[in-house]
Amino acid sequence: MSGVPLGRLPIDEQVDALRAILARNELLTEVLARAAKLDLPGWYLTAGCVFQTVWNVVSGRPPAEGIKDYDLFYFNDSDLSWEAENEVIQAGERAFGGLSAVVEIRNEARVHLWYEDRFGVPCEPHTSTEAAIDSFAATTCCVGVRLDEADRWRIYAPHGLADVFNLVVRPNPVLAPRSVYAAKTRRWREQWPELTVLPWPAPVADGG
């Protein structure tokens, strides 16, 4: 690519670069292919398995190094019961059997039912999988990929891809509290010390 940093390429070339990088993680592409066969509503493979594959490749590491799980999100608000979600999780265990990857499947329509207990802040019901991805603690995490019916890669990246390619972690203070961002970035820096982690924004003082 003529030596141009990936984050400075035209956006269509950045998308091509992302797909080429992700394709180097054979576990990711196998999870992607098997996920497509599950045909879950509004599904995306997202979060760490995506952006951390990029971090690994651009920093010269093996593509799958340090990736602890593969997050598969879908959205079904017609049945918010745990039983319905668990049926999908069980189907996923059969679909991904034999892979040396932990695939975490979650119905993002149910997040508001457990989020406050886990993270200490309330969560409004998400309206789509994309809305759930929008709420990650860092904008750099907000990338999702899936395959459509014609096996074309579909990429959702509301904040673009430049930060991902540039190893920049930028806070996204729309839902997750500062403590979540701090814990995640501390762990990521241990694995990828090349990261540039931007600070959580200071609270805005009342102007009264």
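Close-up 1. Strands (E, at least two residues) and helices (H or I, at least four) are DSSP runs, numbered from the N terminus. Two strands pair if DSSP finds at least two bridges between them. Val145 has Ile155 of S5 as its bridge partner. The hairpin has 5 residues between its strands, and Asp151 takes a positive phi near 65 degrees there. Residues are numbered from 1 along each chain as its sequence is written, and side-chain values use heavy atoms, with hydrogens and water left out. Because the model is predicted, local features need pLDDT of at least 70 and side-chain atom pairs count only at pLDDT 80 or more, while totals for chains, interfaces and linings use all residues.

**Close-up 2. The open sheet of 5 strands.** The strands follow the order S3-S2-S1-S4-S5, with mixed pairing. Strand S3 (103–107) and S5 are the edge strands, each pairing on one side only. From one strand to the next, the twist averages 30 degrees; axes are lines fitted to C-alpha atoms, for helices over the stretch in contact, and angles run from 0 to 180 degrees between N-to-C directions.

**Close-up 3. Helix H2 and its two faces.** H2 (residues 26–38) has 13 residues and reaches 19 Å from its first C-alpha to its last, close to the 18 Å expected at 1.5 Å a residue; the expected span is 1.5 Å times one less than the number of residues. Leu27, Leu28, Val31, Leu32 and Ala35 of H2 are buried. They lie on the same side of H2 because they cover an arc of only 135 degrees around the axis, the arc being that of the directions from the helix axis to the C-beta atoms. Buried means under 20% relative accessible area, exposed over 50%, and partly exposed in between (1.4 Å probe, protein chains only). Glu26 and Lys37 are exposed residues on the face turned away from the buried side of H2. At the start of H2, a side-chain oxygen of Asn25 reaches to within 3.1 Å of the backbone nitrogen of Leu27. Asp39, which follows H2, has a positive phi near 55 degrees.

Close-up 4. Rings of Phe, Tyr and Trp (its six-membered ring) pair if their centres lie within 6.5 Å; planes under 30 degrees apart count as stacked, over 60 as edge-to-face and the rest as tilted. By this rule there are 9 aromatic pairs. The rings of Trp114 and Tyr115 form a tilted pair, because their centres are 6.3 Å apart and their planes are at 35 degrees. Trp114 is partly exposed, with a relative accessible area of 26%, whereas Tyr115 is buried at 7% relative accessibility. One aromatic cluster is formed by Phe51, Trp55, Trp188 and Trp192.

Close-up 5. The side chain of Ser135 reaches the backbone oxygen of Ala132 at 2.7 Å. Ala109 and Ala84 are 25 residues apart in sequence and 12 Å apart in space, C-alpha to C-alpha.

Methods
A polar contact is a pair of N or O atoms within 3.5 Å; within protein, one must be able to donate a hydrogen and the other to accept it, and residues adjacent in sequence count only if both atoms are side-chain atoms.
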